Structure formats: C-alpha cells, structure tokens
Amino acid sequence: MSRFLACSMLTASLVVAGCGASPPPAPAPDPAPSRALPPLVDDLQQRTFRWFWEHTREDNGLIPDRTPHTEPFSSIAAIGFGLTAYAIGVERGWITRQQARDHTLRVLRYLRSLPQGASFEDDAGYHGFFYHFLGLANGRRYARWVEVSSVDTALLLGGVLFAQSYYDREDPAEGEIRDLADQLYRAVEWPWLQERPPLISMGWVPENGIISHDWEGYNEAMIVYILALGSPTHPVDPSAWSAWTRTYARSYGEFHGHKYLSFAPHFGHQYSHAWIDFRGIQDEWMRKEGFDYFENSRRATLAQRAYAIANPMGWKGYGGDVWGLTASDGPRVTNRIYNLQPRQFRHYSARGAGIADAFDDGTLAPTAAAASIAFAPEIVIPAIEAMHARYGEAIWREHGFIDAFNPSFTWNDEPAQTGYIDPQLGWIDDNFIGIDQGPIVLMIENHRNGFVWDVMKRNPYIRKGLERAGFSGGWLDQPVPTK
C-alpha cells in the first residue's frame with residue numbers, strides 16, 4: 001500500500017465530537033494587491049520552486065516523488081504541483097513563459113500517450129485515472145504495491161486544469177496545452193470508482209479490484225468530488241457531495257480553543273485550497289454553520305500552533321514559533337522511552353493534532369506551517385523565520401527546508417531511515433518530497449496576490465464542480481474574470 005493511501009485511510013476511524021454555537025460568517029475579502037513579503041519567504045519560495053524545475057526530467061517531464069531517491073518513481077500528484085509551479089516561476093521572473101510552456105507541453109503529451117488498461121505492470125492507469133507512482137523512465141505502474149489513486153489523479157488534474165487556463169494565448173503550443181488538458185480531464189471515468197455510490201473509492205489495484213475505503217469528509221479529497229462533479233463526460237451525481245459531508249459531525253468541534261472541521265494531518269487543510277479559493281463561498285453545510293472552508297483552514301492552523309504551545313507530550317522544540325504536523329518523513333520505526341513514557345516513532349507517516357486521528361512523535365514538518373501562510377500569515381511568517389534562525393543550515397538547504405526534523409529523537413544506536421541523527425539537534429531529514437514542496441510554492445503565491453486562485457476561477461470545470469456541489473456566494477456569483 002502506498003504511503004499516501006495509508007495516510008488517507010486514517011479518515012475511516014473518526015470519533016464524534018461535540019458541537020456548539022457558531023460565530024457569524026466572515027466577509028469575503030476583496031482581491032488583495034501583491035504583498036511584499038520578507039526576503040526569507042521570497043527566498044524560500046524560489047528555492048522550493050527550483051526543486052521542481054531542476055528535477056523535472058527533460059525527456060518526458062515526469063517529476064520524482066522525492067530527492068534524493070533510491071527508487072526511481074514519479075509522483076503524479078507532484079506533477080500537478082509542478083505544472084502550477086512552472087507558471088509561478090514565470091510570474092516571478094525566474095524562468096520565461098516559453099520555458100514553462102515547453103515543460104508543460106512535454107509532460108502533457110507524455111501523459112496522454114501512456115497506455116491505460118488492466119494489466120499488472122504495463123499500463124499507467126485505468127479508466128482515465130493514473131497510478132499513484134509511475135516509473136520515472138517508462139511511465140508505467142512502478143510496482144505491485146502501487147494503486148490507481150483517485151486523490152493523486154485529482155491533484156495531478158489540479159495542475160492540468162491550471163495549465164489549461166493559464167496558457168491562454170493564440171499560440172499553437174499553448175493551444176495544444178489546452179487541448180491536451182481537456183483530453184486528460186475528460187478521459188477520467190469518475191463513476192467507475194463508485195462501487196458504493198454515491199461515494200468515490202480511494203482507488204483500484206489490478207490484483208484485488210476497487211479499494212474498499214471511500215472518500216468521506218473531512219480531509220484532502222474535496223478536490224476529488226469537485227472535479228468529479230464538474231466533469232463534462234463522466235460526472236457523478238450531486239448526491240456525492242451530500243454523502244461526502246454527512247460524516248462531518250464526526251470531526252467537528254473545538255480543539256485548543258478553535259471550533260472547526262478537524263483533520264489532524266495539516267495537508268488535509270491545504271491541498272484543495274492550493275488551487276481553489278474557498279474565501280466567501282459556501283456549500284449547504286457551511287451556510288448552516290456560518291463560515292467557509294478557508295476560515296476552517298485558518299482555525300485549523302491556529303489550533304496547530306496552540307497545540308504546539310500546550311505541548312501535551314513534552315516534545316523538545318515545540319512552541320509558539322516552531323510548530324507544524326502533517327504527513328512527512330520521520331526518524332524510523334521504533335519504540336522508545338521518552339520523558340519516562342513509552343513512545344512510538346515512525347518513518348513516513350501521517351502526523352497531526354486535532355479532534356480525531358492525531359499522532360505526534362515529536363516530528364516537525366516545515367511545510368505544515370509554511371504552506372499555511374495564506375490562512376494565517378501573522379503566525380506562519382514568524383514560524384518560517386524562527387525555524388530558519390534556530391536550526392539554520394541543518395534544515396535549510398539549496399531547495400529550502402528539508403522535509404522534516406525531530407529535536408527529541410537523539411538515539412543514535414541505529415541509523416535513521418533517511419537523514420541523520422545529531423546528538424544535540426536530534427533527527428534531521430535530508431529528503432525533499434514533492435507533495436510537501438508543492439503547497440509551499442503555491443500558497444506563498446496565493447498569499448502574495450491570489451495568482452493560482454485567480455487563474456483557476458477562469459476554469460469552467462472548477463466553477464461547474466463547485467456549483468453542482470451547492471457552493472454559491474463570493475466570486476462564484478460574479479462573472480467569469482478575464483485575465
């Protein structure tokens with residue numbers, strides 16, 4: 001089973017939390033002018049962008065799951081983030097539009113050419129969906145443990161549809177990008193994964209068929225349902241969104257002074273928001289509660305910091321300016337005694353703080369804070385600066401922050417699974433992971449000027465998906481913006 005699917009399956013065991021009175025809805029913010037950011041944040045965005053630019057394969061456009069890698073596979077979700085990051089590089093002046101266009105066209109042509117079918121290892125996907133991991137050199141299913149993934153396909157399509165709307169010039173290459181993006185999106189047969197309708201399954205494996213776990217709210221799969229509802233060829237019924245939201249009560253309540261829909265690993269509050277501007281738009285569930293999903297992610301971010309300040313497990317380094325739990329690397333799988341208590345540690349795992357599915361082994365992931373800058377810049381910018389100041393080059397490298405670190409893990413009797421163990425600083429990763437790098441680049445730009453959000457507002461499929469899910473208000477009630 002893939003690491004992303006293992007994290008996502010945590011949603012199957014939510015616990016019921018209490019509900020109370022809701023605050024009045026926050027007004028939708030006006031479009032913000034471009035914000036000047038501290039030099040360190042600018043540097044972080046550029047370094048992280050360069051990870052995508054420098055690690056995109058020249059022959060087929062695929063992007064590795066992580067670097068350095070011992071196994072050569074590409075993450076289709078990382079490709080989605082990369083397709084969006086290229087355009088940010090254009091807007092920031094780091095690359096030319098032609099360079100970004102050529103990279104984009106290369107990977108879209110390659111993805112469209114890959115075979116789809118039910119073989120164990122000779123195909124790249126099935127029914128329009130893609131395998132979670134593809135071989136970097138051949139674009140086929142990487143290994144027998146890799147699933148056709150609905151959510152990773154959706155994250156790929158986030159970048160594909162972004163490219164469709166961004167490359168809007170009357171130019172043959174840009175026209176081809178728009179056509180290829182349309183073909184890739186239209187090919188996905190969303191109802192195929194509705195074995196238990198109206199919910200959508202997490203995926204399929206040729207050895208066992210459709211995965212028995214479905215996407216139920218609240219987690220990172222909002223984008224799955226929005227894209228499935230917006231499909232012009234293979235849409236799902238609007239009842240799918242109602243089924244998605246009917247489990248919200250299990251994870252809605254107060255945590256560390258903030259009332260919100262909880263999903264403990266913070267990527268669940270970031271991924272869909274990287275492409276879709278939820279400010280001021282509401283579905284039926286949010287209209288009843290009186291706020292929106294953007295505000296929900298803001299509250300989740302504030303609660304993460306409050307949890308770090310409380311630090312109930314007594315981990316080293318946690319506090320008001322150093323915080324952030326999400327799915328990330330960790331030191332290794334082991335059990336130890338820490339502060340006279342038995343503690344479990346993991347390597348790659350979902351980590352988080354919230355009403356349900358929380359797991360905390362002292363591992364901090366900079367992306368959990370940095371990619372939340374659009375939600376709560378007043379606490380995220382100090383966190384970026386504090387982590388950089390406190391740990392310096394140990395966690396700050398050529399491509400920005402390393403994936404994770406754990407100041408409490410100082411046992412060096414066994415090697416770490418990635419990175420190294422410093423007797424003073426604890427475990428320090430040496431890996432960069434695409435699905436953690438991507439949200440940093442995108443959300444810094446969204447905070448700066450709303451660039452990714454504004455491009456996606458022009459995409460008819462995104463608008464249609466939101467409207468069929470019952471969203472209204474804010475920018476959805478306005479004419480489609482022009483560039």
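Arginine 97 and aspartate 168 join their side chains in a salt bridge, 3.7 Å from N to O. A salt bridge here is a side-chain nitrogen of Lys or Arg within 4 Å of a carboxyl oxygen of Asp or Glu. Arginine 97 belongs to helix H4 (residues 97-113) and aspartate 168 to the loop between helix H5 (150-166) and helix H6 (172-186), so the pair ties together parts 71 residues apart in sequence. Helices are DSSP runs (H or I, at least four residues), as strands are (E, at least two), numbered from the N terminus.

The model is predicted: local features need pLDDT of at least 70 and side-chain atom pairs pLDDT 80 or more, while totals for chains, interfaces and linings use all residues. Residues are numbered from 1 along each chain as its sequence is written, and side-chain values use heavy atoms, without hydrogens and water.

The structure holds 31 salt bridges. Three are listed here.

| Pair | N to O distance |
|---|---|
| Arginine 97 and aspartate 168 | 3.7 Å |
| Glutamate 176 and arginine 109 | 2.7 Å |
| Arginine 458 and aspartate 168 | 3.9 Å |

Arginine 458, in the loop between helix H15 (451-457) and helix H16 (460-468), is 290 residues from aspartate 168. Buried means under 20% relative accessible area, exposed over 50%, and partly exposed in between (1.4 Å probe, protein chains only). Arginine 97, at 12%, counts as buried, and so does arginine 458 at 18%. Aspartate 168, at 29%, is partly exposed.

Strand S9 (residues 252-255) runs antiparallel to strand S10 (residues 258-261), joined by four bridges; strands pair if DSSP finds at least two bridges between them. Glycine 253 faces tyrosine 260 in S10.
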